[in-house]
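The following paragraphs guide the reader through one part of a protein structure. Please keep the sequence and the model in view while reading.

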Amino acid sequence: QVQLVESGGGLVQPGGSLKLSCAASGRISVVDAMGWYRQAPGKQRELVAFFASDESAEYADSVKGRFTISRDSAKNTVLLQMNSVQPEDTAIYFCNVKGQLTTRSLFASWGEGTQVNVTS
């Protein structure tokens with residue numbers, strides 16, 4: 001019903017920047033929340049940043065001041081600008097979108113993930 005297409009991952013040196021993008025499409029009526037999670041090898045998936053339904057943005061403490069989340073509501077797109085990346089930011093980054101379909105059913109969808117590798 002809902003498709004998420006992520007892009008922007010790749011290899012970056014410590015201190016560098018990367019921008020992730022996630023576009024949601026399908027029978028979407030309302031988007032309540034959009035955000036990014038990540039999962040490093042051997043670790044659980046964790047929240048990176050997300051927009052709640054009131055448009056407020058929340059960030060994990062580990063990325064505050066370095067990462068910025070933004071969204072284009074008209075295009076159902078959420079972006080993650082990653083600056084001053086560090087090796088510990090290496091992970092698979094997943095987009096997550098919650099909302100309501102045109103059928104009035106609620107949905108919560110995950111993207112397939114995009115790999116970010118921070119290494120010199």
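Arg 38 counts as buried because its relative accessibility is 5%, where buried means under 20% relative accessible area, exposed over 50% and partly exposed in between (1.4 Å probe, protein chains only). The model is predicted, so that local features need pLDDT of at least 70 and side-chain atom pairs count only at pLDDT 80 or more, while totals for chains, interfaces and linings use all residues. Residues are numbered from 1 along each chain as its sequence is written, and side-chain values use heavy atoms, with hydrogens and water left out.

Arg 38 belongs to strand β4, residues 28-39 (strands are DSSP runs of E, at least two residues, numbered from the N terminus). Its side chain makes polar contacts with the side chains of Ser 62, at 3.3 Å, and Tyr 93, at 2.9 Å. Such a contact is a pair of N or O atoms within 3.5 Å; within protein, one must be able to donate a hydrogen and the other to accept it, and residues adjacent in sequence count only if both atoms are side-chain atoms.

The whole structure holds 2 aromatic pairs (ring centres of Phe, Tyr or the six-membered ring of Trp within 6.5 Å; planes under 30 degrees apart are stacked, over 60 edge-to-face, the rest tilted). Tyr 37 and Trp 110 pair edge-to-face, 5.0 Å between centres and 65° between planes. Phe 94 and Trp 110 are also edge-to-face, at 6.5 Å and 85°.

Note on methods. Helix = DSSP H or I, 4+ residues; strand = E, 2+ residues; numbered from the N terminus.
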